[in-house]
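The stops below are to be taken in order, each beginning with a selection.

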Amino acid sequence: MKFIFGLGNIGKQYDQTRHNIGFMALDHFAESQGVSFTPTKLFASAAKLQIDGETVWLVKPTTYMNDSGQAVRAFLDFYGGTADDLLILHDDLDSDFGKLRFRAKGSAGGHNGLKSIIAHTGTQNFLRLKFGIAHPEHTHEAVIKYVLGKFSKEDLAHWDDTFQKTDQALLDWIKGADAAALSNRYNG
């Protein structure tokens, strides 16, 4: 069993914001697989699919970003998964706009959603796919406004192409590609 979590904030006011890129990528993948999300009692909306005999849960926490780990912990506990079964999709201020980067483990790097997941799972050893949104290089308040700001139409057009690549990367992971193979193929 595998779990792909897209990180974001719930509510219409956060649709198409930089911080919700994880939700956006997961929505694109779900649509490509012909599945839709339904609410669960596990602090998330989820979609279940089968790919090459593997059960895969696509999960969007219904907590806010800062409490994402609550949904991760609930799914792992309920379905008997471990951190090895996780792939987390999230925004990355420290990468150039549009850059994809797989990372097998590491600190939260200031990302509150990752901080929550690390706190709830007790480990930093889980796979992430980071979506570069660039850094505004301003004050803390400006950074918050930036990550909660909406993408421009031009930016959204760029993401459509990137999500096609992401869909293939997710399929590769589901079919057994490890972090090194995914990094070699998709990072950059």
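Begin by selecting helix H3, residues 112-121, where the buried residues are Gly113, Leu114, Ser116, Ile117, Ile118 and Thr121. Please bear in mind throughout that this is a predicted model. Then step just past the end of H3 to glycine 122, whose phi is positive, at about 75°.

Next, select leucine 89, which is placed in strand S5. Is leucine 89 buried or exposed? Its relative accessibility is 0%, so leucine 89 counts as buried. Display its surroundings, omitting the neighbours within four places in sequence: leucine 89 is in contact with Ile4, Phe5, Gly6, Leu7, Gly22, Ala25, Leu26, Leu129, Phe131 and Leu170.

Now select helix H1, residues 21-33. Its 13 residues reach 18 Å from the first C-alpha to the last, close to the 18 Å expected at 1.5 Å a residue. Colour the buried residues of H1, namely Ile21, Gly22, Phe23, Met24, Ala25, Leu26, His28, Phe29 and Ala30. Their cover includes the strands S1 (2-6), S3 (44-51), S4 (54-61), S5 (86-92) and S7 (127-132), together with helix H5 (153-174). Just after H1, glycine 34 has a positive phi of about 75°.

Two packed helices are described by the angle between their axes and the distance between the axes. Here the axes of H1 and H5 come within 9 Å and cross at roughly 65°. The two helices, H1 and H5, are therefore roughly perpendicular to each other, and their crossing is right-handed. On the H1 side, the contact is made by Ile21, Met24, Ala25, His28, Phe29, Ser32 and Gln33. On the H5 side, select Leu156, Trp159, Asp160, Phe163, Gln164, Thr166, Asp167, Leu170, Leu171 and Ile174. By class, the residues of this contact of H1 with H5 are 10 nonpolar, five polar and two charged.

How do H5 and H6 lie relative to each other, and what is the angle between their axes? The axes come within 10 Å and cross at roughly 160°. That angle makes H5 roughly antiparallel to H6, and H5 passes H6 in a right-handed crossing. Select Lys165, Gln168, Ala169, Asp172 and Trp173 in H5, which meet Leu182, Arg185 and Tyr186 in H6. This contact of H5 with H6 has four nonpolar, one polar and three charged residues.

The last stops concern the backbone. Most residues other than glycine have a negative phi, and most peptide bonds are trans. Select glutamine 16, in the loop between S1 and H1; this residue is not a glycine, yet its phi is positive, near 60°. Glutamine 16 is partly exposed, with a relative accessible area of 42%. Finally, select phenylalanine 43, in the loop between strand S2 (38-39) and S3. Phenylalanine 43 has a positive phi of about 60°, although it is not a glycine. Its relative accessibility is 37%, so phenylalanine 43 counts as partly exposed.

Methods. Residues are numbered from 1 along each chain as its sequence is written. This is a predicted model: local features need pLDDT of at least 70, side-chain atom pairs count only at pLDDT 80 or more; totals for chains, interfaces and linings use all residues. Side-chain values use heavy atoms; hydrogens and water are left out. Helices (H or I, at least four residues) and strands (E, at least two) are DSSP runs, numbered from the N terminus. The expected span of a helix is 1.5 Å times one less than its number of residues. Buried means under 20% relative accessible area, exposed over 50%, partly exposed in between (1.4 Å probe, protein chains only). Contact means heavy atoms within 4.5 Å. Axes are lines fitted to C-alpha atoms, for helices over the stretch in contact, and angles run from 0 to 180 degrees between N-to-C directions. Angles under 35 degrees count as roughly parallel, over 145 as roughly antiparallel, 65 to 115 as roughly perpendicular and the rest as oblique. A crossing is left-handed if the near helix is turned anticlockwise from the far one by less than a right angle, and right-handed if clockwise. Ala, Val, Leu, Ile, Met, Phe, Trp, Tyr, Cys and Pro count as nonpolar, Asp, Glu, Lys and Arg as charged, and the others, Gly among them, as polar.
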